[in-house]
Amino acid sequence: MNSKKKNLVCLLALLLFTTGVHAGARKTVYPVVFAHGLSGFDNLLGYYYFGNDYGTFVGDPCDEFLETACNGSISSSQKALAASVTPFQSSEVRGTQLADRIQNYMTSTGATKVNIIGHSQGGIDARKAAAVLRARYGRQVVHALISVSSPHRGSPTAKYILDLGPGVTSVVNALAKLFGNAIYGSGNDGIAAAKQLVYNDYSSTDGITTGMKAFNTNYNVNSSNAAYWGSIITAQDSLNTNPALYLLKEGFYNIDGDGYCVDDCDNDGAAGKGDGTRGNNDDDGLVGINSQQMGDRLQYNECALCFDSITVNTSLGYVSNLNAPTSAQMTSKSSVVSQDHLDVVGVPPDTFDEEEFYASILEFIVSKGG
């Protein structure tokens with residue numbers, strides 16, 4: 001090999017070493033359970049939930065010879081479960097089902113604990129599951145609980161649908177049952193799911209107390225249920241939003257999701273209130289930024305020539321009471337991931353790297369002892 005080729009090889013080797021292009025997430029101590037949101041799991045607008053744009057599950061390690069349909073950014077020995085619960089139901093129901101799935105998984109694998117990554121309603125279900133598992137085992141079972149785009153303080157879209165009245169909601173519910181029964185099985189209830197995602201109790205005459213305010217009181221951030229709590233906030237504006245969400249925003253309902261108020265002061269279905277300006281990167285198409293922080297606010301750091309990373313935004317502080325965040329925690333756009341509600345779970349069109357995004361979350365979980 002001549003000197004020029006040797007120099008080129010050395011330069012490339014140095015570049016790979018210093019930038020960490022070869023690096024990926026380490027194996028987590030405990031398996032990672034992925035909890036899907038409303039309308040999952042096998043099919044979300046025709047795409048696999050928690051997949052990349054080609055349908056590869058982000059928790060699938062490359063553990064077979066010459067395997068390509070896998071996530072090369074995670075450890076080849078990573079253990080993960082894509083849990084499946086009723087697509088359309090309350091989180092009281094779905095959270096208990098998630099606990100059942102986790103318990104069965106732990107029994108079959110011998111795992112003593114798990115970590116949970118929950119998207120949208122899945123992050124709410126995870127809180128219920130963590131509490132149920134602690135009660136069943138008499139100890140903390142969930143180590144790290146990370147939510148992504150979760151409406152911890154409600155979603156205006158859910159209330160908008162309910163407010164359309166029985167004539168419309170009955171049709172929506174029928175479609176939800178038809179779709180949910182086809183991809184999962186019986187037991188779907190679109191009305192119960194929507195009432196779950198409104199902040200206040202939607203109806204005083206239905207005989208049950210629903211909504212995120214009551215749910216947060218029962219299943220708040222609690223170190224007895226999980227050792228670490230963190231959340232990733234998403235918001236996106238303009239034509240970059242998924243076409244389905246763009247049509248919803250422009251043609252039906254546009255969330256104003258970055259005003260502060262302890263309760264639902266503008267009666268839109270989410271705690272807080274609008275600041276009077278819609279379309280200013282204050283929501284992800286379905287959930288406002290004022291609803292999403294739980295525990296630490298996490299920052300996703302993309303790197304073109306190295307492995308992406310997750311860090312904690314320490315300036316905003318920790319949300320320990322989900323019904324009482326600070327003004328900054330409800331209104332700040334700091335550390336918001338510029339993606340819509342569907343981009344982060346693999347629904348195109350987008351340029352988002354779902355595999356490395358979730359790999360960076362796994363690496364962060366390792367750093368937290370999980």
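Numbering the bonded cysteines of the protein in sequence order gives the pairing 1-2, 3-4, 5-6. This is a predicted model, in which local features need pLDDT of at least 70 and side-chain atom pairs count only at pLDDT 80 or more, while totals for chains, interfaces and linings use all residues. Residues are numbered from 1 along each chain as its sequence is written, and side-chain values use heavy atoms, with hydrogens and water left out.

**Stop 1: the cysteines**

A search of the whole structure finds three disulfides (a disulfide is a pair of cysteine sulfur atoms within 2.5 Å). Such a link is a covalent bond between the sulfur atoms of two cysteines.

Select Cys 62 and Cys 70, which are joined with an S to S distance of 2.0 Å. The angle about this S-S bond is 95 degrees, and the link of Cys 62 and Cys 70 is right-handed. For burial, the terms are buried (under 20% relative accessible area), exposed (over 50%) and partly exposed (in between), with a 1.4 Å probe and protein chains only. Cys 62 is partly exposed at 27% relative accessibility, and Cys 70 is buried at 5%.

Next, select Cys 261 and Cys 265, whose sulfur atoms are 1.7 Å apart in a disulfide. Cys 261 counts as buried because its relative accessibility is 16%; Cys 265, at 46%, is partly exposed.

Then go to Cys 303 and Cys 306, also a disulfide, with sulfur atoms 1.7 Å apart. The torsion about their S-S bond is about 110 degrees, so this disulfide is right-handed. Cys 303 is partly exposed at 28%, and Cys 306 is partly exposed at 29%.

**Stop 2: helix α4**

Select residues 156-163, helix α4, where Pro 156, Thr 157, Ala 158, Lys 159 and Leu 162 are buried. Helices (H or I, at least four residues) and strands (E, at least two) are DSSP runs, numbered from the N terminus. After α4 comes Gly 165, with a positive phi near 95 degrees.

**Stop 3: Arg 153**

Step back to the loop between β4 (142-148) and α4, and select Arg 153. Which side chain of opposite charge is nearest to Arg 153? It is Asp 263, 10 Å away; Arg 153 is buried yet has no salt bridge (a side-chain nitrogen of Lys or Arg within 4 Å of a carboxyl oxygen of Asp or Glu). For charge, Lys and Arg count as positive and Asp and Glu as negative, with His and the chain ends not counted.
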